[in-house]
Amino acid sequence: MLLAMVGGGLDAYTFISRGGVFASAQTGNVVLLAVAAAQQHWWQAVGHLPAILAFLAGVLVAETLRRPRVAAVLRWPACVAMCLEIVVLAVVGLIPAGAPDALVTVLVAFMAAVQMSTFRTLVDAVYNSTMTTGNLRSAMQNAHQAMVAKDREARRRSWQFACVVLAFLAGAFGSGWLTLVWGVHAVWAACAVLAAGLGLFVHDERIARSTGGSPGGPGLSGRPGGTGGSGKAGS
């Protein structure tokens, strides 16, 4: 839920403060690029490319962090990804409003891709922490299964996905409001939320190690006996 709040907040932040470009919702950027190109607004169309390219680069970095050799060196790749995101977003908050919008959107899109690619499992189901369309679909699919088949597991998953969607909405609302009040510094609120998530991550890892279980529990274990390599997000 904390990661979803950050995901919704980053899109609201860049859309309001940085020229109407989405940080993580590359579907929106691709559509806006195509619309601008169809209207022959070439410069406006090109303005959406940096965020898309940065997002692709972020995916490559996240996948590299998950490589067995790299994960063995880093120990907790998911923790490293969260720390990196906190540092980068803290720097983003220092970039003045007069700086080129592309500089900010590239950094935010890059980190959004790292977050999305690192944390992709909600306990036992695939989810997305930076976009909400798939989560909405999963919430309704599981709700239907729970009602029709009286499936308790589907009911649990439907509530979990609903909470993630609401967290995304809350993050977008809160970030939008803060951006209007604080301007470019509003992104530091996302750093605070990520720091809370990082604290929970480390806490779960320590508990798992002390009890001899899989690090991170059912939601954060990277692989059997591993150390948080896949970045699964617990409930």
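Trp76 is found in the loop between α5 (68–74) and α6 (77–92), where helices (H or I, at least four residues) and strands (E, at least two) are DSSP runs numbered from the N terminus. At 15% relative accessibility, Trp76 counts as buried; buried means under 20% relative accessible area, exposed over 50%, and partly exposed in between (1.4 Å probe, protein chains only). The C-alpha atoms of Trp76 and Gly174 are separated by 30 Å, and these residues are 98 residues apart along the chain.

The model is predicted: local features need pLDDT of at least 70, side-chain atom pairs count only at pLDDT 80 or more, and totals for chains, interfaces and linings use all residues. Residues are numbered from 1 along each chain as its sequence is written, and side-chain values use heavy atoms, with hydrogens and water left out.

**Helix α10**

Helix α10 comprises 24 residues (residues 188–211), which should span 34 Å at 1.5 Å a residue; the end C-alpha atoms are 35 Å apart, in agreement with that expectation. The expected span of a helix is 1.5 Å times one less than its number of residues. The buried residues in α10 are Ala190, Cys191, Leu194, Gly197, Leu198, Phe201, Val202, Glu205 and Ala208. An α-helix has 3.6 residues a turn, so residues three or four places apart point the same way. Just after α10, Gly212 takes a positive phi of about 80°.

**Positive phi outside glycine**

Gln40 is not a glycine, yet has a positive phi of about 60°. Gln40 is found in the loop between α2 (26–38) and α3, and is exposed, with a relative accessible area of 58%. Val123, also not a glycine, has a positive phi of about 60°. Val123 lies in the loop between β1 (121–122) and β2 (125–126) and, at 22% relative accessibility, counts as partly exposed.

**Salt bridges**

A search of the whole structure finds six salt bridges, a salt bridge being a side-chain nitrogen of Lys or Arg within 4 Å of a carboxyl oxygen of Asp or Glu. Side chains of opposite charge can pair when their charged atoms come close. The table gives some of these pairs.

| Side chains | Distance, N to O |
|---|---|
| Arg66 and Glu63 | 3.2 Å |
| Arg120 and Glu63 | 3.4 Å |
| Asp124 and Arg156 | 2.7 Å |

Glu63 meets Arg120 in a salt bridge. Arg120 lies in the loop between α7 and β1 and Glu63 in helix α4 (residues 49–65), so the pair ties together parts that are 57 residues apart in sequence. Glu63 is partly exposed, with a relative accessible area of 31%, and Arg120 counts as partly exposed at 31% relative accessibility. Arg66, which also meets Glu63 in a salt bridge, counts as partly exposed at 29% relative accessibility.

The side chains of Asp124 and Arg156 form a further salt bridge. Asp124 lies in the loop between β1 and β2 and Arg156 in helix α9, so this pair ties together parts that are 32 residues apart in sequence. Asp124 is partly exposed, with a relative accessible area of 42%, and Arg156 is partly exposed, with a relative accessible area of 25%. Asp124 and Arg156 are linked with Glu153 and Arg157 in a network of salt bridges.

**Nonpolar surface patch**

Phe15, Ile16, Phe173, Trp177, Leu180, Val181 and Trp182 form a nonpolar patch on the surface, with about 830 Å² of accessible area together. Patches are made of residues with over 30% relative accessible area and no salt bridge, with like charges joined within 9 Å and nonpolar side chains (Val, Leu, Ile, Met, Phe, Trp, Tyr) within 5 Å. Accessible areas come from the Shrake-Rupley method with a 1.4 Å probe; for residues, only the protein chains shown count as cover. Helices α1 (2–17) and α9 (152–182) each supply at least two residues of the patch, and α9 gives the most, with five residues. Val181 lies in helix α9 and counts as partly exposed at 48% relative accessibility.

**Second largest pocket**

About 250 Å³ of space lies in the second largest pocket. Of the 13 residues that line this pocket, the closest to its centre are Val21, Trp43, Gln44, Gly47 and His48. The elements that give two or more residues to the lining are α3 (42–46) and α7 (101–118). On a 1 Å grid over the protein atoms alone, a pocket is an open set of points where a 1.4 Å probe fits, with protein on both sides within 12 Å along at least five of seven lines; lining residues have an atom within 4 Å of a point. Grid points are joined across faces, edges and corners, and a volume is the space filled by probe spheres set on the points.
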